[in-house]
Amino acid sequence: MKKLRALLAWLSRGRTAVIGLPYLWLLAFFLFPFLIVLKISVSEMEAVTIKDMLAFKDGVLALSLKLSNYVFITQDDLYFKTYLSSIKYAAVTTVLCLAIGYPFAYFMARARATLQPALLMLVMLPFWTSFLLRVYAWKGLLTENGWIANLLSSIGVDHLLLAAGVIPALGKYMNSPFSLVLGMVYTYLPFMILPLYGNLAKMDLRLLEAASDLGATPWVAFWKVTVPLSKAGIIAGSMLVFIPCIGEFVIPELLGGPQTLMIGRVLWDEFFGNNDWPMASTVAVVMILLIIVPLAIFNRYQAQAQEARR
Amino acid sequence: MQNNKTDQAGKPSGPAFLQIQDVVKDFGGGAVAVNHVSIDIAQGEIFALLGSSGCGKTTLLRMLAGFETPTSGRILLEGQDMAHVPPHVSPINMMFQSYALFPHLTVWENIAFGLKREGMAKDKLVERVEAMLKLVQLGKFAKRKPHQLSGGQQQRVALARSLAKRPKLLLLDEPLGALDKKLREETQIELVNIIEQVGVTCVMVTHDQEEAMTMASRIAVMSEGRVLQIGAPADIYETPANRFVADFIGNVNLMEGKLIEDWPDHVVVECADCSHYVGHGITGTEGMPVSVAVRPEKIALQRDEPAGPHNRVQGTVKDLAYFGSFTVYHLQLASGAMLKISQSNTSRHREHQLTWGDAAWAHWMPSAQVVLTQ
C-alpha cells in the first residue's frame, strides 16, 4: 500500500509525466505494433488467419517459429534487388537534395537578418498544402502535354535524360526513374535545408575571417572551414531524407513506373495483393533493420559530437 | 618593457614602417568610426590602440588587417599601399579576440593552416610548426583540439598560428581579454617576450590601460574615432595632453581653476579650495579657465599644517580604502569636492594613521601637477 502510494506520487510528478507520456506513446504505438509485426513475420498462415505461435495440445506446449520467410527473402532475387534499388533511389535523392539544399541553406544563413525569416517561410510554405496533392500535381506537370514536360522538351533536356537512361523515350517523363527522383527530391528538400540552415546560421563568421587572414581564398575557406564545421548538419539532413525515402510508398506509386522497384510498393503488394501477411511482415522487419543501421551510425556520431563539445 | 627603438620623447627614430595617413572610416548613419587618424609606427615596435568600447580602435585594426577598407586616407606598409590588398595575400596576420581557433582542427593543424595555404613544402612545414609549438611551449598538446585546452593555452595556440607565417605586422585584438586577472598579468610578460624574440612589429587593441602600459612601447589613446594622444606609457601618464586622457589613464584629481600668473617657468592657478604653484609654463593668457591634474600618489597627507601659500589644502577624511600595499584616502575639502590621496603603507604600525573624520592637510610639490587647457 505504501509502495503503491509512492509509485502514484512518483507518477504524478510533473517531470515524470512530461518525459513519461511520450515514452508511453512510443511504447504503445510503435514498439508494441512492431513486436506484433515481428511475431507475424515468424508465424504461419492457416487459410486466411494467422496460426498461433504457442499451441497447447495433449499436455505439450509447442512454440513454432517459421523462419522460412527470412530464408526466402535472402534467396529470392526480387527482394534483394528491390532493397538495393530502394537504397539506390534514396541515396540519389539524398545526394541531389544535398547538392541543391546546401547552397540554398548557405545563402539563407548568410542573408540579411531581416530577410531570413521570409526565406525560412518560403522553405516551409509547401507544407501548407497536402503532400499527396503536391505529388499528384507533378503527374499533371509531367504527362505528355504537361507544361513542365513541354518546357523540358523544348530546351532539349529529354535528350540528356534519355542518354542517362532515366526516361523511357523522348518526351516521356512520367513513370520513370526521373519522375520518381524528381518527386522525392521535391518532397524531401525542406528536410535537408532546415537542419543545414540551423547549423550554418550559428557558425562563427570570425573563423572565416581567420581563414582569410591566414591566406585562404573564399573558396578554400569554404571547403576547409565551412563544410567540415557543418558536418553535423549534413549528416542530420541526409538522415532525414534518406530514411523516409527508403520506405517511401506514395511517391513511387504515383510517379514511379514498372522500372522503379521500391520496397514500399512490394510491401503493399504482399499485404494487400497477395494477402501474405507473414511475408509482408518479414519484408517490413528487414526494411526496419536496413534503416536502423544508418540511424545507429548517425546516433553514434551525434554522441561523439556531444562529447567533443563538452 | 621600454622598446629600444624609440627615443626618449617616444617618437620613432627609424623611418616609419607602418604609416596610417589621415584614415577615415564612415559606416554611414551619423557617427564616424575612425575620424582622420594618422599614426606612424616603427619597425619592431609594440604599439597599442587604447580606448573604451566604440572608440574606433577595433575598426582601425580591422582596416590594417584588410577586413575593412578605409573610406578615405591611406595605410602604407613599407611604403606599399595596403588599401586594396585582400587579407588572404597581405603579409599581416591577426590574433583574433577570443582567438577564433578552428574547432575541427587540432593544435598542430591550426598552426599549419596558414602554411598549407602558402603551399609550403612538407618537411619545411613540419619544421616550422614544430618551431612554433616550441616557441609557445605547447609541444605536448599538438594533437589536442582547441576545446581540450585551457584559456591560456588557447591564447598561445592563437599566437603561434598568427606568427607561423612570419608576418611583417602582427595584429592583436584584445589579446588577453578572455583570460582572468591573475593569468593575464603573467601572460602579458610572456607575450611580450615571445613577440620580441620573434622581432615582429605589433599593433594591439585593448581597453585595458594596464595591459597597454605594460606591453606597449607606445600607446595611442582613442576616443570617438579620434586619436587624443600618442606617446610612451610614462608620457601619457605623467603629461596627459587633455582632460580625457588624464582621466582615462589611471586615477586623477581634476580641479577647475583660473590662470592668475603666467611665467615661462611656472604658473599659478587659483581653484576653489586652494592655489596651485605649477612648475611648468603653458601657452595661455592670464584669466583663462584651466584644469589642474594631480595624481593621488603624488600628494602627501599629514596632520600638521604645511608651510607656504601654495599647493596645500585642508580637509576631512571622509573615506579610506585599504589595498594592502597602499591606502586611498578621500579628503573632503571646504567646497565639498573630494580629493583622492594614495599613501604607501611603508610601516606595519597603524596607530598614527589617519582615520574617518580626522582633519588633515594635503600638500604636493610644484612638479606634481599638470595644467590642462583642453
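Predicted model: local features only at pLDDT ≥ 70, side-chain atom pairs only at ≥ 80, totals over all residues.
Residues are numbered from 1 along each chain as its sequence is written, while chains are lettered from A and ligands numbered from 1 in the order in which they are written.

Stay with A:Asn175. Its phi is near 55°, a positive value in a residue other than glycine. A:Asn175 sits in the loop between helix 8 (157–164) and helix 9 (177–201) of chain A. Helices (H or I, at least four residues) and strands (E, at least two) are DSSP runs, numbered from the N terminus.

Now follow helix 9. Helix 6 (residues 131–142) of chain A packs with helix 9 of chain A at an angle of about 140°, and their axes are 11 Å apart. Axes are lines fitted to C-alpha atoms, for helices over the stretch in contact, and angles run from 0 to 180 degrees between N-to-C directions. Helix 6 of chain A gives A:Phe131, A:Val135, A:Trp138 and A:Leu142 to the contact. From helix 9 of chain A come A:Ser179, A:Leu182, A:Gly183, A:Tyr186 and A:Thr187. Residues are in contact if their C-beta atoms, placed from the backbone, lie within 7 Å. By class, this helix contact has 6 nonpolar, 3 polar and no charged residues (Ala, Val, Leu, Ile, Met, Phe, Trp, Tyr, Cys and Pro count as nonpolar, Asp, Glu, Lys and Arg as charged, and the others, Gly among them, as polar).

Chain B also has a residue with positive phi. For B:Glu78, phi is near 50°, and the residue is not glycine. B:Glu78 lies in the loop between strand 4 (72–77) and strand 5 (80–81) of chain B. B:Glu78 is partly exposed, because 14 other C-beta atoms lie within 10 Å.

Next comes the meeting of the chains. Here 17 residues of chain B are in contact with 16 residues of chain A. On the chain B side, strand 6 (92–95) and helix 2 (107–118) are the elements that give two or more residues. Helix 2 of chain B has the largest share, 4 residues. By class, the chain B side has 8 nonpolar, 5 polar and 4 charged residues.

Terms used
Buried ≥ 20, exposed ≤ 12 C-beta atoms within 10 Å, placed from the backbone. Contact = placed C-beta atoms within 7 Å.
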